[in-house]
Amino acid sequence: MTWLLVLTVICLAVPLYVYVGYPVLLWAVARCRRSPMPEAGCPPLPSVTLVISCYNEAAVIRAKLENSLALDYPKERLRILVVSDGSDDGTDEIVRAYADDGVCLVRQEGRLGKTMGLNLAMTQVDTDITVFSDANAMYDPGAIRELVRGFADPNVGYVVGAALYTDGDAGASARSEGLYWRYELAIKTLESRVSSVVGGDGAIYAIRTHLWQPLDQRDINDFVNPLQIVARGYRGLFQPQARCYEETAGDFGREVARKERIVNRSIRGLFRVRAVMNPFRSGWFAWQVISHKLLRWLIPCFLALGLAGSAWLSAVGLPLFTGITLLGAAVISAALVARLTGERNVLPVWLSLPYYFVMVNLYSVKGVWRALTGKTQVTWASARTASNGATAPVRWVDPITMVMACSVVLLLVSVGVGYAQ
């Protein structure tokens, strides 16, 4: 019984540490190791290439190019390069219409994915700094200037900007993602003060061009590329004043599928650059990447084992674990009700947040499992190509629904057995 009690406590403590303990410890360490943002460098400003990745982005690429051409950065120091991953919706024709404005198109044939497109694009970049962006990310006028500020420190290898959502109140999915993202931005700020921000952001991050290393097709560029830079002895900064604006996926299904892709590609990439998890090589960053990424991806496993152990201990009459078991049953029940509702995007917060939490963690497990079995998704369609609107109710025969329903029943039965003793 003792071993079960210890194992259960550990499994329940890990999620609590990741979501609460890690940010608190980061805050405490950051107060002692505050790393000020470097002052703006003296002119001349570094030369910059803005690399915009796209696949079938005809709906937004014109606005993105207009936004890029209007940036507050010397025209002679800024080059705009669009890499198209075999687009066939007219995206390339729109980009070519801006050739007289200095916009360069690099077309990748064969639909090989964003990472391979960036490998191709980087062979044509010779500026001091490279900024990576997506077609739907609209920059503040001064975003490039704010990004390059960080490179005044020669130890800084990459600088990450803040991607902010413009539709945070558009529905339950957007509200849930917006809340999660505000939490993430706070963590990024603290990480940057302690050591390095963990990972980049495909919408807005910059590197010293000479630090680019070609990536494997299955790598997720805005995670693996920064890890490679840290492994070479450089730091990564988060610059919240470098802002861009984009929309959420707009739907719970597309949002959790995006999370699955990120975990699926990131966990493999982390172990490809595993040296960053060695504290003797990367110092505080090793603690940060393990706490922020690796343990978070594994939270569903800890929660499943913790709830199973809690249910068993509840069944033998331990009151503390009865409360924990009931809490787990309540969260899963709320998520189940939300899943069986057609209009999930208009759910109240007491249903939408549990649903978001449960689904993100379930799909995280799926992403990890697919990575362990050698399946990595390298291409996907833009969420903007799908229509928004009501979601059809999920049937009880759906595997995820059945798992959730069975979990609630088993948890409640264990509590009932405990009370019967």
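Two strands count as paired if DSSP finds at least two bridges between them. Strands (E, at least two residues) and helices (H or I, at least four) are DSSP runs, numbered from the N terminus.

## Model and conventions

The structure is a predicted model, in which local features need pLDDT of at least 70 and side-chain atom pairs count only at pLDDT 80 or more, while totals for chains, interfaces and linings use all residues. Residues are numbered from 1 along each chain as its sequence is written, and side-chain values use heavy atoms, with hydrogens and water left out.

The average pLDDT (the predictor's confidence in each residue, from 0 to 100) is 88 for the protein, and 89% of the residues score at least 70. Over residues 386-390 pLDDT stays under 50. For that stretch the model has seven contacts (heavy atoms within 4.5 Å) beyond four places in sequence.

## Overall composition

The protein has 13 helices and eight strands. Of its 421 residues, 53% are buried, meaning under 20% relative accessible area, against over 50% for exposed and in between for partly exposed (1.4 Å probe, protein chains only). The accessible surface comes to about 18,600 Å², by the Shrake-Rupley method with a 1.4 Å probe. Carbon and sulfur atoms account for 63% of that surface.

Among contacts between residues at least 6 apart in sequence, 80% join residues at least 24 apart.

## The sheet

Eight strands form an open sheet of mixed pairing, in the order β3-β2-β1-β4-β7-β6-β8-β5. β3 (103-108) and β5 (138-139) stand at the edges with a single partner strand each, so one side of each has no neighbour in the sheet.

Strand β1 (residues 48-54) runs parallel to β2 (residues 78-85), joined by seven bridges; Ile-52 stands opposite Val-82 in β2. β1 is also parallel to β4, through six bridges, and here Val-51 stands opposite Phe-132. The pairing of β4 with β7 (residues 205-208) is antiparallel, over four bridges, with Val-131 opposite Ala-206.

In strand β4 (residues 129-134), six of six residues are buried.

Thr-209 is found in the loop between β7 and α7 (221-231). Thr-209 is buried, with a relative accessible area of 12%. Thr-209 and Thr-130 are 79 residues apart in sequence, but their C-alpha atoms are 5.5 Å apart in space. Leaving aside neighbours within four places in sequence, the contacts of Thr-209 include Met-122, Val-125, Ile-129 and Thr-130.

## Nonpolar cores

A nonpolar core is a set of buried Ala, Val, Leu, Ile, Met, Phe, Trp, Tyr and Cys residues joined through side-chain atoms within 4.5 Å. The largest has 75 residues, and those with the most contacts inside it include Leu-65, Val-131, Tyr-139 and Leu-270. Strand β6 (residues 156-165) gives the most to this core, with six residues. Another core, apart from this one, has 21 residues, among them Ala-311, Ala-338, Tyr-356 and Leu-411.

Beyond its neighbours within four places in sequence, Leu-270 is in contact with Phe-223, Leu-227, Val-276, Met-277, Val-289, Leu-294 and Trp-297.

## Helix α10

Helix α10 (residues 284-315) bends by about 45 degrees at Ile-299, the bend being the angle between axes fitted to the seven residues ending there and the seven starting there. Pro-300 follows within four residues. After α10 comes Gly-317, with a positive phi near 95 degrees.
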